[in-house]
Amino acid sequence: MYKVARLTYHILAFVLITQSIQLFGQEDSFIDGKLINTKNQSPISFATVLIKNKKRGLISNADGGFRIPYTFKKNADTLVISSIGYITKEIPLSNLKTDQINLIWLLEKIELLDEVKVVVSKKKKRKSARSIIRTAIDRIPENYPFSPYSYVGYYRDYQVLDGRYLNMNEAIMKVFDQGFGTEDFKNTQTTLFSYKNNTDFPRDTIASKPYDYVNRSKIISNATLDGQGGNEYTILRLHDAIRNYNINAYDFVNRLNKDLIKNHRLKLLPETFIDNTPLYVIKILKNRENIQVESKIYISKGDYKIYKLEYAVYDRKQSDTSKKKQGKLLFEIIVAYRSNKGLMYPNYISFNNAFEVLQPPNFKPITAKINHERKRFELIFNNPLSTKDAFKKKNYRLWYKEIKLKIDSVSIKKNSVYLYPEDKKAFFHPKMIQSLDKLSSKGVSIEVKNVQDIYGNIVHEQESVSYNQFREFFVQELNTDNENNTIELFMIKTKPISKNIHPTNTPQNLLNYWMNTPLKN
């Protein structure tokens with residue numbers, strides 16, 4: 001019995017390895033595309049790209065990029081591309097090339113409305129932004145699913161520094177949501193189909209460390225990230241204020257059904273479209289001390305469904321490299337839903353927060369030793385020293401067995417500082433030399449401050465570098481049926497995603513889903 005079970009395990013392992021090679025190893029098995037705004041040539045991010053007449057699709061990346069498995073081209077499938085404010089476009093995959101990035105141009109919907117004359121009846125009072133949002137929130141029970149549903153999607157988390165992707169981790173997951181009438185954190189279950197650390201992108205071990213508010217080596221300025229004990233994906237789900245409309249989501253939005261209107265100023269903007277559905281666009285604003293909130297919510301006319309919520313918080317005291325008037329971005333959350341059979345289901349969520357990391361000092365001592373022959377202490381640095389402050393005795397402190405020694409003189413040579421104690425005869429007596437030879441590294445201590453290298457770096461000074469952390473989930477396949485779940489191994493919400501891998505969770509149709517890895521920059 002043992003031998004049969006073991007053989008079955010090896011066969012399963014072989015199948016999984018084969019699937020992994022097929023899923024991750026063939027870069028040329030994808031068709032790459034990029035969505036561009038026809039009017040200003042800017043990339044179109046977070047557009048929905050669906051395979052026509054199928055339940056499958058993806059969302060374009062921040063740079064407008066996307067990738068489709070070559071299989072769909074062989075099947076003569078067609079892409080249907082839609083985004084708020086743009087004309088929906090259909091493109092046969094047979095028109096796209098496999099050896100280059102295919103640029104696809106989308107036209108803004110408003111361009112077709114320039115010649116349309118709109119007549120508004122004077123008797124009909126224009127709805128206020130407040131009443132539109134209030135109605136949309138009140139109608140959540142009728143516009144969103146309160147019975148169980150599931151979906152498969154592409155998850156990723158990564159960091160960005162100076163426009164470069166770092167620490168890219170990707171996964172395919174299946175989510176079982178019991179409906180909007182249940183508490184998401186307690187009742188929603190997730191199964192991990194596949195996971196990988198994408199080594200095609202650089203790994204930054206310093207930035208990937210946990211947040212540290214004790215030593216402040218990695219922090220979120222003026223904010224904290226509360227995951228209620230959950231992992232990366234759980235933290236992301238908690239920031240969907242629409243799904244969690246009746247519980248506390250995040251600062252300022254708080255409870256969507258009670259606090260959004262109360263906590264913000266609202267301004268009605270010109271309408272826009274998704275496909276042929278007209279949408280109200282409402283700007284959501286807040287200023288509190290140095291914090292500024294700028295947000296938009298998109299709500300359909302007539303049935304008041306919330307299609308999209310964009311929420312960004314800025315620190316006006318800090319500057320931003322993009323020179324935005326709002327200041328430095330603290331966090332931004334974008335959550336979007338799409339209509340299916342009259343109800344609104346998740347489409348994607350993106351959570352971006354800034355964080356600060358202390359980098360290792362550029363200038364530091366690397367070795368300290370005692371030169372008995374020359375009766376001095378020697379401190380060796382990683383860079384050549386500037387003579388400006390290196391000769392000053394007050395910039396050094398010297399201890400032996402917790403007894404402070406007075407420094408008589410200082411000399412330097414390239415990367416080295418030589419410290420001569422005042423009482424050389426007493427300190428370098430034969431008995432003292434014998435004890436020094438037996439000393440541990442804790443016996444002698446040397447402190448140094450205010451000394452610079454020839455490049456202007458101050459010793460031990462650490463520079464704080466600003467990164468951005470992204471967590472994102474994009475729905476690829478939606479199942480609105482109340483299916484019986486046959487999968488028993490759910491993700492443990494308190495464990496990191498990488499610790500939740502269960503080979504038996506891998507479905508036979510795994511190749512129907514794919515990782516929409518961003519284009520390399």
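Which helices and strands do the buried residues of H7 pack against? The views below start there. This is a predicted model, in which local features need pLDDT of at least 70, side-chain atom pairs count only at pLDDT 80 or more, and totals for chains, interfaces and linings use all residues. Residues are numbered from 1 along each chain as its sequence is written, and side-chain values use heavy atoms, with hydrogens and water left out.

**View 1. Helix H7 and its surroundings.** The buried residues of H7 pack against helix H3 (129–138), helix H4 (140–143), S12 and strand S13 (277–288). Helices (H or I, at least four residues) and strands (E, at least two) are DSSP runs, numbered from the N terminus. Six of the eight residues of H7 (residues 256–263) are buried, so the helix is largely enclosed by the rest of the structure. Those buried residues are Leu 256, Asn 257, Asp 259, Leu 260, Ile 261 and Asn 263. Here buried means under 20% relative accessible area, exposed over 50%, and partly exposed in between (1.4 Å probe, protein chains only).

**View 2. Phe 473 in the largest nonpolar core.** That core has 62 residues, and Phe 473 is among those with the most contacts inside it, along with Met 173, Tyr 233, Tyr 250 and Ile 299. A nonpolar core is a set of buried Ala, Val, Leu, Ile, Met, Phe, Trp, Tyr and Cys residues joined through side-chain atoms within 4.5 Å. Leaving aside neighbours within four places in sequence, Phe 473 is in contact (heavy atoms within 4.5 Å) with residues including Tyr 151, Tyr 155, Met 173, Val 175, Tyr 233 and Ile 349. In soluble globular proteins, nonpolar side chains tend to be buried together.

**View 3. Salt bridge between Arg 56 and Glu 477.** Their side chains meet at 2.9 Å, N to O. The pair ties together distant parts of the chain, 421 residues apart: Arg 56 sits in the loop between strand S2 (48–51) and strand S3 (57–59), and Glu 477 in strand S25 (residues 464–479). Arg 56 and Glu 477 are both buried. The structure holds 18 salt bridges, each a side-chain nitrogen of Lys or Arg within 4 Å of a carboxyl oxygen of Asp or Glu.

**View 4. The salt-bridge network around Arg 237.** Arg 237 and Asp 177 meet in a salt bridge at 3.3 Å, N to O. Arg 237 belongs to helix H6 (residues 232–238) and Asp 177 to strand S9 (residues 164–177), 60 residues apart. Both are buried. Asp 184 and Arg 243 are linked with these two in a network of salt bridges.

**View 5. Salt bridge between Lys 301 and Glu 271.** The closest N and O atoms of this pair are 3.0 Å apart. Lys 301 lies in the loop between strand S14 (291–300) and strand S15 (306–315), and Glu 271 in strand S12 (residues 265–274). Buried or partly exposed: which is Lys 301? At 33% relative accessibility, Lys 301 counts as partly exposed, and Glu 271 is partly exposed too, at 39%.

**View 6. Strand S20 and its partners.** Four of the five residues of S20 (residues 396–400) are buried, so the strand is largely enclosed by the rest of the structure. S20 runs antiparallel to strand S24 (residues 444–448), joined by five bridges, with Trp 399 opposite Ser 445. Three bridges pair S20 with strand S21 (residues 403–405), again antiparallel; strands pair if DSSP finds at least two bridges between them. Lys 404 is the S21 bridge partner of Trp 399. S20 and S21 form a hairpin with two residues between them, and Lys 401 in the turn has a positive phi of about 45°.
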